[in-house]
Amino acid sequence: VSEAAARRAIALDDSLADAHATLGLVRMRQHDLAAAEASLRRATVLDPGVALYREWLVKVYIWSGRAQEALTEAEGAVRLAPLSPSATAELARALLANGRCDEALSQLRKLAGLEPPLARVPALTAQCYIQKRMWGEAIAAVRPQAEQGTVLALGTFGYALARAGQREEATRVLNSMLEREHHGGGLSLQIALVYLGLGDLDRAVPFLESAGETALLSGMAEQAALAASLLDSLRGDARIARLRRRLGLQNR
C-alpha cells in the first residue's frame, strides 16, 4: 500500500488503525524513524489488541538502537498473541538485540517444527550464532535456505562463511549473487554483507548505498540488526558516517 493511499484513508477516517500502521511502515522504509514510531504508536492506541503493530515497533526500536524498548513491545505482542509464531520470532529478535542470545535461541527452537516454516527463523538463528561468534552453527542454520536461493538467507550465509575463514565458498556465493543482481535480483544488501564479511569495505559501500536508496537496507530488513551493528562498528569511515545519517542511525 502506498503512502498516498494510507494518507487518503486517514483523511477519510483518522480512527483507522491499519492506515496509521501502514503509514508507519512507509516511514520506516523512508528512514524517518520518529514518524514511523509516531504512526505505529497511534495504531496501538486506536487498536491496542493487535499484536502485529507492536511487532513492527520492535523493528523500529531495534533500528533506532533502543533495544530495551524493543523488548518491551515484543513481550507485549506475545501477551496479546501467545500462540503467534510471528510474535515469538519478534521476541527472539528483541532478545538478540539485547545481547540475550541463548534466550533468543530458546524462543526460536519453539518455531523449528512449524509447517509451513516461518522463513525468518533460520536467519534469526544464524544472527544469534554470529553474535556468539559460532560461525559453524550460523552457517548450518541458513545453509538449507541459502542453497535454495532464498534471498533473506544469502547475505547472512555468505557473511558467516567469510568470517569462518571459508573464503572460497563465500566468494562463490558472492559471485552467484552478483550474477543475479546483474539481472535485477534486488540483492544489494546481501552482497554488501558478504563483502563486509570478506573485509572489503570499498566494494561493500556502493551496495550499501544502493540498498539504502531502495529501502532494502532499513529496519524492516531481516538482517537489519546485523547490518546496523556492522555500520556502527565502521562509523569512523566518512562514507559510512554519511550513510548512517541517511538511514537514521546517527543516534545509535
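View 1. Start with the charged side chains: the protein has 30 positive and 28 negative ones, and the centres of the two sets sit 3 Å apart. Here Lys and Arg count as positive and Asp and Glu as negative, with His and the chain ends not counted. Each charge is placed at NZ of Lys, CZ of Arg, CG of Asp or CD of Glu. A word on what you're looking at: this is a predicted model, where local features need pLDDT of at least 70 and side-chain atom pairs count only at pLDDT 80 or more, while totals for chains, interfaces and linings use all residues. Residues are numbered from 1 along each chain as its sequence is written, and side-chain values use heavy atoms, with hydrogens and water left out.

**View 2. The overall fold.** You'll find 15 helices and 0 strands in this protein; helices (H or I, at least four residues) and strands (E, at least two) are DSSP runs numbered from the N terminus. The radius of gyration is 18 Å, close to the 18 Å that the globule rule gives for 252 residues, so the protein is as compact as a globular protein of that length. That radius is taken over C-alpha atoms, and the rule is 2.2 Å times the number of residues to the power 0.38. The C-alpha trace spans about 55 × 40 × 35 Å along its principal axes.

**View 3. The nonpolar core.** The largest nonpolar core holds 80 residues, and Trp63, Leu208, Leu217 and Leu231 touch the most other members. Helix α4 (residues 51-64) gives the largest share of this core, 8 residues. Such a core is a set of buried Ala, Val, Leu, Ile, Met, Phe, Trp, Tyr and Cys residues joined through side-chain atoms within 4.5 Å. Buried means under 20% relative accessible area, exposed over 50%, and partly exposed in between (1.4 Å probe, protein chains only). Buried residues make up 52% of the 252 in the protein.

**View 4. Leu231 and Arg244.** Not counting residues up to four places away in sequence, Leu231 touches Leu208, Leu217, Ile240, Leu243, Arg244, Leu247 and Leu249. Contact here means heavy atoms within 4.5 Å. Now switch to Arg244, which lies in helix α15 (residues 238-246). Arg244 counts as buried because its relative accessibility is 5%. Leaving aside neighbours within four places in sequence, Arg244 is in contact with Leu231, Asp232, Arg235, Leu249, Gln250 and Arg252.

View 5. Pro116 sits in the loop between α7 (101-109) and α8 (120-131). Pro144, meanwhile, is part of helix α9 (residues 135-147). With 47% relative accessibility, Pro144 counts as partly exposed. Pro122 is 22 residues from Pro144 in sequence, and their C-alpha atoms are 9.0 Å apart in space.

View 6. Arg133 isn't a glycine, yet has a positive phi of about 60 degrees. Look for Arg133 in the loop between α8 and α9, where this residue is exposed, with a relative accessible area of 54%. Ala215 isn't a glycine either, and its positive phi is about 65 degrees. Ala215 belongs to the loop between α13 (201-213) and α14 (224-233). At a relative accessible area of 22%, Ala215 is partly exposed.
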